[in-house]
Amino acid sequence: MAQSKGEGGIGFHPHKGFEILSYNIKGKGRHQDTLGTDSVVGAGGVQVMQAGSGISHAESLLEPSEGFQIWFEPYLNEAIKRPPTYRKYVHEDFSIVSENGVTVKTILGEHSPINIVTDAKMYDVQIANGATYAYLLSPNRTLAGLAIRGDGVIEGQEVSFENKDFVIIQSEKDETITIQSKGEELRMLLIEIPTQVDYPLYRKPK
């Protein structure tokens, strides 16, 4: 997660293998890469860089901004054999459903325009004061949530969280996760992935 009060940026640097998704909450960002891309992403927009066999890129913030960059990890031995790609999406490209005080924008998953190799789902969820959002989590899946704005509670889990708190839930069976706002509108970024994958993951330093 990153925030800026003005302009800023990171110069050209390389990546391989990973699928890197950047989501703008507000402001404008500029992306440049060694594929020849020069792209500006606005509020609500997403850019996806599949690093593949290798790519260098630079990122600039053109005004006060807030956003997220999430790295997804496919099987790297296969990923580094694929050519690198870059794609940009605007807010209007995404499915947005509003019902009973809950608005869900699907960033990754069914009806999303984005296709990545990694098994992942991602949602931007806004829950009005007093409203409740129910999320069905399948067995052996992990749900990670970041409260972007507001406070909330996960019913039946005895878990409450505040603005900028991060929560993780793992499920061994079909489970409905019920999230309720507290006191004001709650906005959360939710990401669902397998609890375990059937390929070796990148070795992290201890």
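Thr37 touches His31, Gln32 and Tyr86, leaving aside its neighbours within four places in sequence. The residue sits in the loop between S4 and strand S5 (38-41). This is a predicted model.

- The side chain of Thr37 makes a polar contact with the side chain of Asp33, at 3.0 Å.
- Thr37 and Lys164 are 127 residues apart in sequence. In space, their C-alpha atoms are 33 Å apart.

**Strand S6: enclosed on both faces**

- Strand S6 covers residues 46-50. Five of its five residues are buried, so S6 is largely enclosed by the rest of the structure.
- Val46, Val48 and Gln50 lie on one side of S6. Gln47 and Met49 lie on the other. Both faces are covered, as these residues are all buried.
- S6 pairs with S3 in the antiparallel sense, over five bridges. Here Ser22 stands opposite Gln47 of S6.
- S6 also pairs with S9, again antiparallel and over five bridges. In this pairing, Val48 has Arg87 of S9 as its bridge partner.

**Thr85, in strand S9**

- Thr85 belongs to strand S9, which runs over residues 85-89.
- Which residues does Thr85 contact, leaving aside its neighbours within four places in sequence? They are Leu35, Val48, Met49 and Gln50.
- With Gln50, Thr85 makes a side-chain to side-chain polar contact of 2.7 Å. Gln50 is one of the buried residues of S6.
- A further polar contact, of 3.4 Å, joins the side chains of Thr85 and Arg87. Arg87 is also the bridge partner of Val48.

**The largest pocket**

- The largest pocket holds about 700 Å³ of space.
- Its lining has 31 residues. Trp71, Phe72, Glu73, Ile191 and Ile193 lie nearest the centre of this pocket.
- Which element gives the most to the lining of the largest pocket? S8 does, with five residues.
- By class, the lining of the largest pocket has 19 nonpolar residues, six polar and six charged.

**The second largest pocket**

- About 470 Å³ of space lies in the second largest pocket.
- This pocket is lined by 25 residues. Nearest its centre are Ala2, Ser22, Glu59, Leu61 and Gln69. Ser22 is also the residue opposite Gln47 in S6.
- Strands S1 (2-4), S2 (8-15), S3 (19-26), S4 (29-33), S7 (55-61) and S8 each give two or more residues to the lining of the second largest pocket.
- The largest share of this lining comes from S8, at six residues.
- How do the residues of the lining of the second largest pocket divide by class? Eight are nonpolar, 14 polar and three charged.

**Ser4, a buried residue in strand S1**

- Ser4 is part of strand S1.
- Is Ser4 buried or exposed? Its relative accessibility is 17%, so Ser4 counts as buried; the cut-off is under 20%.
- A polar atom of the Ser4 side chain lies 2.9 Å from the backbone oxygen of Gly6.
- Not counting residues up to four places away in sequence, Ser4 touches Leu61, Glu63, Pro64 and Ser65. Among them, Leu61 is one of the residues nearest the centre of the second largest pocket.

- Asn100 is not a glycine, yet its phi is positive, at about 55 degrees.
- Asn100 lies in the loop between strand S10 (95-99) and strand S11 (102-108).
- With a relative accessible area of 68%, Asn100 is exposed, because the cut-off for that class is over 50%.
- Asn140 has a positive phi too, near 60 degrees, and is likewise a residue other than glycine.
- Asn140 is found in the loop between strand S13 (132-137) and S14.
- Is Asn140 buried or exposed? Asn140 is exposed, with a relative accessible area of 53%.

Definitions and conventions
Residues numbered from 1 in each chain as written. Predicted model: local features only at pLDDT ≥ 70, side-chain atom pairs only at ≥ 80, totals over all residues. Heavy atoms only, no water. 1 Å grid on protein atoms, 1.4 Å probe; cavity = no way out; pocket = protein on both sides within 12 Å on 5 of 7 lines; lining within 4 Å. Points joined across faces, edges and corners; volume = space filled by probe spheres on them. Helix = DSSP H or I, 4+ residues; strand = E, 2+ residues; numbered from the N terminus. Nonpolar A, V, L, I, M, F, W, Y, C, P; charged D, E, K, R; others polar. Polar contact = N/O pair within 3.5 Å; in protein donor to acceptor, adjacent residues only side chain to side chain. Contact = heavy atoms within 4.5 Å. Buried < 20%, exposed > 50% of the residue type's maximum accessible area, 1.4 Å probe, protein only. Pairing = 2+ DSSP bridges.
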